Amino acid sequence: MPRDSLIASDNDADITLEFEGGEEGGHKERRHREKRRDGSKDRRKRGNGRRRQGSRSVERENEEERVGEREKERKRRVKKDQEAKKRDKEEGDRAQTRSEKTAKAKKNIKNEKRRRSEKEGEAGERTEKGKKKVQSAKKEKSVNHGTKDKTHEEKKKKRKKVLETSSEQETSEEDSEDKEDSEDEEVKPESLSPEELEKLKEAVDDKKKLIQSLRGKPWPMKKKLVTLRESQEFLEKYEGALGKGKGRKLYAYKVMMMKKWMKFQRDFENFKTACIPWEMKIKEIESHFGSSVASYFIFLRWMYGINMILFGLTFGLVMVPEALMGRPYGSIPRKTVPRAEEASAMDFAVLWDFGGYAQYSVLFYGFYSNQRAIGWLKFRMPLSYFLVGVGTVAYSYMVVIRTMARNANESGVGDDNSFNFSWKMFTSWDYLIGNPETADNKFASITTSFKEAILEEQESRKDDNIHLTRFLRVLANFLVLCCLAGSGYLIYFVVRRSQKFALDGLENHTWWERNEVNMVMSLLGMFCPMLFDVISTLENYHPRVALQWQLGRIFALFLGNLYTFIIALMDEINVKRDEEKIVKFNITMWEASLYNGTVSENFTAPPITIHPADVPRGPCWETMVGQEFVRLIISDTMTTYITLLIGDFLRAVLVRFLNHCWCWDLEAGFPSYSEFDVSGNVLGLIFNQGMIWMGAFYAPCLPALNVLRLHVSMYLQCWAVMCCNVPQERVFKASGSNNFYMAMLLVILFLSTLPAIYTIVTIPPSFDCGPFSGKNRMFDVIQETLESDFPAWFSKVFSYASNPGLVLPFILLMVLAIYYLQSTSKSYKEANVELKKKLQMQNEENKKKNKKAAQKALMDLEEARKVALESAGHQRNNNASYQGQQAREMQPATRVPRTINHRSHGNPGYLPNFPLQNETMIRRAPSLQRH
Amino acid sequence: MGATASQLDKGMLSEYQELTFLTKQEILLAHKRFSELVPKEEIDRINCRIPMSLILTLPELKSNPFNERICKVFSTSDIKDGSLSFDDFLDLLSAFSDSATLEIKSHYAFRIFDFDDDGTLGRHDLEKLVNCLTGGTDDTNLTPDEMRQLIDNILEESDIDKDGTVNLSEFQHVISRSPDFVSSFKIVL
């Protein structure tokens with residue numbers, strides 16, 4: 001950047017000179033400076049011979065007009081030139097227009113650069129203006145002196161050039177520098193020289209960069225618009241001029257395509273944002289309740305996306321192929337409702353429990369046949385089933401970990417605690433809050449956080465009775481443990497009881513007895529957190545710590561419940577497997593008795609056809625597991641919705657309408673409106689997802705169900721939040737919690753895949769249902785595929801590869817790699833800290849140096865003033881040389897604003913400041929000497 | 001600029017898209033909201049401005065403690081009354097949009113917090129800032145002692161060159177490390 005600005009300052013010298021003459025006084029305020037800038041623009045315009053009155057607020061019409069005006073102006077000028085220089089006629093019209101173009105180009109480059117450097121200068125000054133008020137005026141002056149000198153020099157150079165191009169026109173007047181400039185160029189006969197071409201190219205590239213970075217500049221829109229228009233105009237004109245002949249066409253084509261591509265990208269971007277579901281809904285919530293509530297909905301949407309993909313996988317690769325290409329319903333026993341259940345198979349109560357026809361459909365594991373290939377596509381159904389099951393889990397792991405890593409990247413910088421107070425001060429307000437109540441809560445929470453921080457800083461908090469608090473905390477934890485154990489036992493008890501009921505036959509029992517397990521689990525999930533909340537008041541923790549404890553306890557509760565449920569299920573699986581053995585034995589007996597009469601007579605006789613519904617069959621534990629999970633999900637969903645309706649909606653309605661005729665203020669007093677419980681809802685969502693992951697292998701319909709549930713939740717909860725919730729008082733910061741949610745999700749993912757993998761690996765599949773029936777283990781399907789569908793060498797290679805002798809070293813290698821990466825990341829972190837320290841030190845040093853330099857500049861300036869006063873008389877005669885001398889004296893002073901310039905603009909951490917400065921010095925020195 | 005009264009034309013729209021961090025839909029929405037706010041007698045005037053009092057009735061800004069500062073910072077009016085033209089309004093929304101860079105957000109945040117417009121955050125600015133954040137009522141305000149302590153702490157943390165004020169680069173240095181500045185420095189219509 002410094003180099004850029006240097007070039008720019010060379011080029012914009014004339015203009016600086018112009019406005020310098022009029023307004024030398026110190027301009028300290030930005031307002032003034034802006035005015036001056038505008039004034040300078042005007043002047044420049046006038047200097048260019050464009051009779052245009054630039055008012056302070058340039059209107060759009062003016063902008064458009066200007067284009068036309070400029071055009072006219074140009075024509076007029078051309079005419080004048082033609083009259084003036086009739087000798088140049090032989091060059092022909094084409095040459096003239098071309099040269100004209102060149103002139104324009106050069107001028108435009110200059111204009112542009114001038115403008116940019118001005119802006120940069122201004123911005124730089126702005127940052128410093130408060131501090132260096134005293135110096136600013138002088139500084140500017142010295143800058144201008146310096147540039148004046150350069151201007152002069154440049155003019156000289158130009159004149160030389162003019163001479164070289166053997167144009168006899170002499171520059172007589174200095175005041176219309178620009179005009180003269182353009183005339184010079186127009187006289188020049190040949191088209192662009194290589195250097196100029198290079199320059200032009202550079203300028204075009206600069207413009208492009210400028211256009212791209214324009215939106216990231218903190219300028220008012222008007223300025224941005226003007227700059228954009230000008231640079232676009234410039235680009236349109238001169239992009240085509242680059243390149244020659246064929247290359248030129250190609251270039252133009254490339255430029256055109258580039259433009260089209262940009263437009264397409266922009267449209268695509270718009271389209272993409274339009275495609276994000278519920279964006280407006282979430283934004284609305286965001287603007288009412290702040291970012292923490294919105295973070296729940298964003299999380300919900302994210303979950304929805306994941307479930308969509310899981311659903312797509314299972315639906316497209318498992319359910320649809322089986323439904324379309326597999327054997328139809330009723331063809332084999334596993335696809336038929338048994339005779340005993342046929343009567344009630346269509347009853348709603350049975351279907352609601354996912355029995356009857358629902359049980360014998362693609363929704364559950366048991367329906368799938370073990371044919372190796374189905375349909376005309378020869379679709380490998382069992383393999384596909386297995387791979388989809390594995391793929392679901394693998395995909396989930398991948399997504400969760402990737403998201404975590406990205407979040408960590410985003411918030412990774414905020415790991416240190418060194419700006420605790422400043423962050424509280426500068427970043428604690430959530431600008432999204434658009435609800436006065438939320439704002440009040442936020443005020444309160446910010447105030448408390450300030451007070452807390454001050455208290456913590458003072459370290460003056462004394463515990464009045466440490467023994468009592470300790471005792472209470474131990475007691476609270478004991479109570480919570482009791483709760484957890486009690487709920488675990490209750491679930492175990494209920495599951496065992498339900499097994500007994502199931503053995504008796506479900507029909508003999510009431511609705512409650514049939515749905516006991518799910519109801520108990522849901523109720524525990526509802527009431528235990530409240531109990532924990534009450535218990536946690538005993539502990540007297542800081543609210544943030546208390547919230548963490550609360551979350552941890554709820555997490556433990558859910559996890560405990562889920563695992564008790566799974567253990568009970570495992571018991572049931574074992575029971576079913578025992579049952580299966582008996583059934584298997586019975587079936588062989590039954591088959592023997594069936595064939596008893598016919599076997600002895602004739603082997604070729606057609607086997608007796610038995611309706612598949614009558615064939616005895618095993619208890620298919622996989623379907624049972626799937627059913628349990630589906631029921632659990634359904635009841636969980638129902639409880640969530642009902643709590644929402646009763647706990648939020650009904651409460652809100654009662655509070656709102658009974659408030660008129662009640663003894664106390666309901667809105668402010670006891671029931672009041674409910675808060676939106678972000679953390680609780682997130683936990684619920686996470687556990688729900690955990691159940692999906694656990695059960696999806698045995699019930700392929702689970703992702704579909706979950707998608708449905710999340711879809712409904714989205715609308716229902718959005719509505720509930722907007723209509724009957726008040727924002728929460730405890731503020732759970734959005735960005736801080738994102739990775740917390742993700743970490744919980746990862747834990748749950750791991751814990752929920754564990755039992756699923758355990759059952760897949762250790763328990764042999766049922767003999768007469770599901771895609772893996774008849775195999776010893778489910779994963780044998782891989783082996784089978786390898787043996788029959790791949791060439792022999794492949795299976796050989798695979799068997800070698802899966803040899804423990806190879807696998808163990810590989811695992812070892814991975815562990816080593818992890819260790820290595822971890823230690824490198826640790827050392828990076830240390831290096832980071834080290835660099836941070838260095839940066840701070842360097843910053844301080846820089847500041848000191850700058851201050852010194854500024855002081856020195858001040859003194860130099862004083863001296864220079866004295867000299868100036870003394871030599872005011874003969875200054876006129878020897879203008880140029882004097883200015884050069886003065887500029888040399890001013891050297892330190894001119895340097896100061898530059899330093900400020902790129903420190904405030906570029907990366908604040910950009911250290912090697914000084915080498916660059918030196919470079920500017922070096923670059924400047926020769927020109928002075930030449931002069 | 002002149003299109004506030006009628007529909008936005010295509011060229012303007014694409015230029016606005018080029019110059020702001022907003023998408024097409026957002027610009028159109030902003031335009032709609034803006035036109036709703038334009039006073040009746042001004043509806044035909046080109047390049048009209050909405051006075052600050054009307055802007056502050058927007059629910060998105062109503063409960064923001066910095067709403068007046070925001071208007072003043074983004075206003076380009078000559079008399080510094082905080083009135084906004086459509087361009088200023090778009091500038092505001094762009095700076096507060098989702099995709100705006102940290103750099104531009106922190107720049108404007110600095111100017112919003114700089115109550116006396118002197119280019120640095122001095123003790124006075126910080127005091128005002130704290131009062132804004134605590135709601136400005138008596139029961140939530142900090143005591144003078146607490147205030148002094150707080151500001152001392154802040155200056156100790158972020159005033160790297162120890163000149164008693166926080167300047168833009170120091171401010172940006174602090175802000176760039178904050179995990180949730182970008183996510184909370186947002187206003188959506």
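A word on conventions: residues are numbered from 1 along each chain as its sequence is written, and chains are lettered from A and ligands numbered from 1 in the order in which they are written. Because the model is predicted, local features need pLDDT of at least 70 and side-chain atom pairs count only at pLDDT 80 or more, while totals for chains, interfaces and linings use all residues; side-chain values use heavy atoms, leaving out hydrogens and water.

**Cysteines**

Let us start with sulfur. With a disulfide taken as a pair of cysteine sulfur atoms within 2.5 Å, the count over all chains is one. It joins A:Cys620 to A:Cys769, with 1.9 Å from S to S. The torsion about this S-S bond is about 95 degrees, so the disulfide is right-handed. A:Cys620 sits in the loop between helix H21 (543-599) and helix H22 (621-658) of chain A, and A:Cys769 in the loop between helix H25 (734-762) and helix H26 (780-789) of chain A, so the pair ties together parts that are 149 residues apart in sequence. Helices here are DSSP runs of H or I with at least four residues, strands are runs of E with at least two, and both are numbered from the N terminus.

A:Cys482 has its closest cysteine sulfur in A:Cys483, 7.2 Å away, which is too far for a bond.

| Residue | Relative accessibility | Class |
|---|---|---|
| A:Cys482 | 39% | partly exposed |
| B:Cys132 | 19% | buried |

**Chain B**

Chain B has eleven helices and four strands. Of its 189 residues, 64% are buried.

**Where the chains meet**

Contact (heavy atoms within 4.5 Å) involves 78 residues from chain A and 85 residues from chain B. Together the two chains bury about 7400 Å², 59% of it on carbon and sulfur atoms; buried area is the accessible area (1.4 Å probe) that two parts lose on being put together, summed over both. On the chain A side, A:Arg215, A:Phe426 and A:Tyr431 supply 12% of the area buried against chain B, more than any other three residues.

Two salt bridges cross this interface, where a salt bridge is a side-chain nitrogen of Lys or Arg within 4 Å of a carboxyl oxygen of Asp or Glu. One of them pairs A:Arg229 with B:Glu15 at 2.9 Å, N to O. Helix H17 (residues 436-458) of chain A gives ten residues, the largest share of the side of chain A that touches chain B.

Note on methods. Buried < 20%, exposed > 50% of the residue type's maximum accessible area, 1.4 Å probe, protein only.
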